[in-house]
Amino acid sequence: MSDGVRVERDGPVTTVLLSRPERRNAVDGPTAAALADAFREFDADEQAAVAVLHGEGGVFCSGADLKAIGTETGNRVAPDGDGPMGPTRMRLGKPVIAAVAGYAVAGGLELALWCDLRVAEEGAEFGVFCRRWGVPLIDGGTVRLPRLIGESRAMDLILTGRGVGAAEALEIGLVNRVVEDGSSRGAAEELARQLAALPQRCLREDRLSLLEQDGLDEPAALANEFAHGVRSLEEVQRGLDRFRAGAGRHGAAD
């Protein structure tokens with residue numbers, strides 16, 4: 001594992017920490033490789049259910065480390081394998097939550113978009129700041145951003161490179177929760193624990209169906225949903241038994 005990436009585990013919750021405060025958590029080649037490895041290990045760990053990605057020191061991630069470009073620690077740029085920022089081409093079988101403090105810009109925005117959910121602090125800021133330097137979005141930004149917030153809004157952010165605060169990000173659907181400054185990691189880990197407490201097979205199959213439906217016509221998407229649903233049926237009897245015993249009445253979580 002790179003010095004810029006640490007992993008902490010608390011039961012079913014795995015927290016992957018970007019820790020390069022001297023570079024505002026910018027990602028160079030070794031850091032990108034360490035991020036990808038960390039998420040591969042999380043996906044393969046049968047005891048791990050949900051991951052949180054967080055940048056230490058008050059910044060989520062300022063993007064690729066531009067000072068490393070052209071050096072032996074530059075980011076890997078190839079059409080196959082891991083993305084320049086690391087895990088951005090991976091489709092995991094389990095959810096990942098971004099806990100965003102400070103800037104999530106350029107490649108850092110692309111890392112946040114790769115996650116399933118985004119919890120942002122009030123002072124967080126998102127943006128395609130690489131527009132200023134002629135550095136392209138190459139880790140899914142032009143793909144995931146319009147799918148998440150719509151083509152018109154995505155075009156605005158991608159062409160202008162303007163910053164988007166947490167309130168606007170929530171309004172346009174770029175983030176799912178806004179929390180007080182300094183609390184994003186704790187809030188994301190609490191959300192992760194809530195997800196981890198749910199029946200996992202059904203949660204994971206429904207998640208994959210949602211991700212895979214994009215680009216499919218309706219009959220193919222429905223068939224794919226059915227296939228995922230059938231794989232979840234082994235958990236249904238346990239859920240029905242809990243319901244019949246009185247769990248979940250009046251909207252209670254359990």
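Which residue stands opposite glutamate 125 in strand 8? In strand 8, the residue opposite glutamate 125 is glycine 165. The structure is a predicted model, in which local features need pLDDT of at least 70 and side-chain atom pairs count only at pLDDT 80 or more, whereas totals for chains, interfaces and linings use all residues. Residues are numbered from 1 along each chain as its sequence is written, and side-chain values use heavy atoms, with hydrogens and water left out.

Helices and strands are taken as DSSP runs numbered from the N terminus (helices are H or I with at least four residues, strands are E with at least two). Two strands are said to pair if DSSP finds at least two bridges between them.

Strand 3 (residues 50–55) pairs with strand 4 in the parallel sense over four bridges, and histidine 54 has alanine 99 in strand 4 as its bridge partner. Strand 4 (residues 96–100) in turn pairs with strand 6 in the parallel sense over four bridges. Among the partners in strand 6, leucine 117 is that of isoleucine 97, and alanine 120 is that of valine 100. Strand 6 (residues 117–121) also pairs with strand 9 in the parallel sense, over three bridges. There, alanine 120 stands opposite valine 178 in strand 9.

Burial was assigned from relative accessible area (buried under 20%, exposed over 50%, partly exposed in between; 1.4 Å probe, protein chains only). In strand 4, five of the five residues are buried, so this strand is largely enclosed by the rest of the structure. In a regular strand the side chains alternate between the two faces of the sheet. On one side of strand 4, Val96, Ala98 and Val100 are buried, and on the other Ile97 and Ala99 are buried, so that both faces are covered. Strand 6 has four of its five residues buried and is therefore largely enclosed as well.

Helix 2 is mostly covered, with eight of its eight residues buried; among them are Glu110 and Trp114. In helix 4 (residues 151–160), the buried residues include Ala154, Leu157 and Ile158. These cover an arc of only 95 degrees around the axis, so they are on the same side of helix 4; the arc is that of the directions from the helix axis to the C-beta atoms. Ser152 and Leu159, on the other side of helix 4, are exposed.

Two aromatic pairs are present. Rings of Phe, Tyr and Trp (its six-membered ring) pair if their centres lie within 6.5 Å, and planes under 30 degrees apart count as stacked, over 60 as edge-to-face and the rest as tilted. The ring centres of phenylalanine 39 and tryptophan 114 are 4.9 Å apart and the planes are at 75 degrees, so this pair is edge-to-face. It links distant parts of the chain, with phenylalanine 39 in helix 1 (residues 29–44) and tryptophan 114 in helix 2 (residues 107–114), 75 residues apart. Both phenylalanine 39 and tryptophan 114 are buried.

With a disulfide defined as a pair of cysteine sulfur atoms within 2.5 Å, the count is zero. The closest cysteine sulfur to that of cysteine 61 is in cysteine 115, at 11 Å, which is too far for a bond. Cysteine 61 is buried, with a relative accessible area of 0%, whereas cysteine 202 is partly exposed at 31% relative accessibility.
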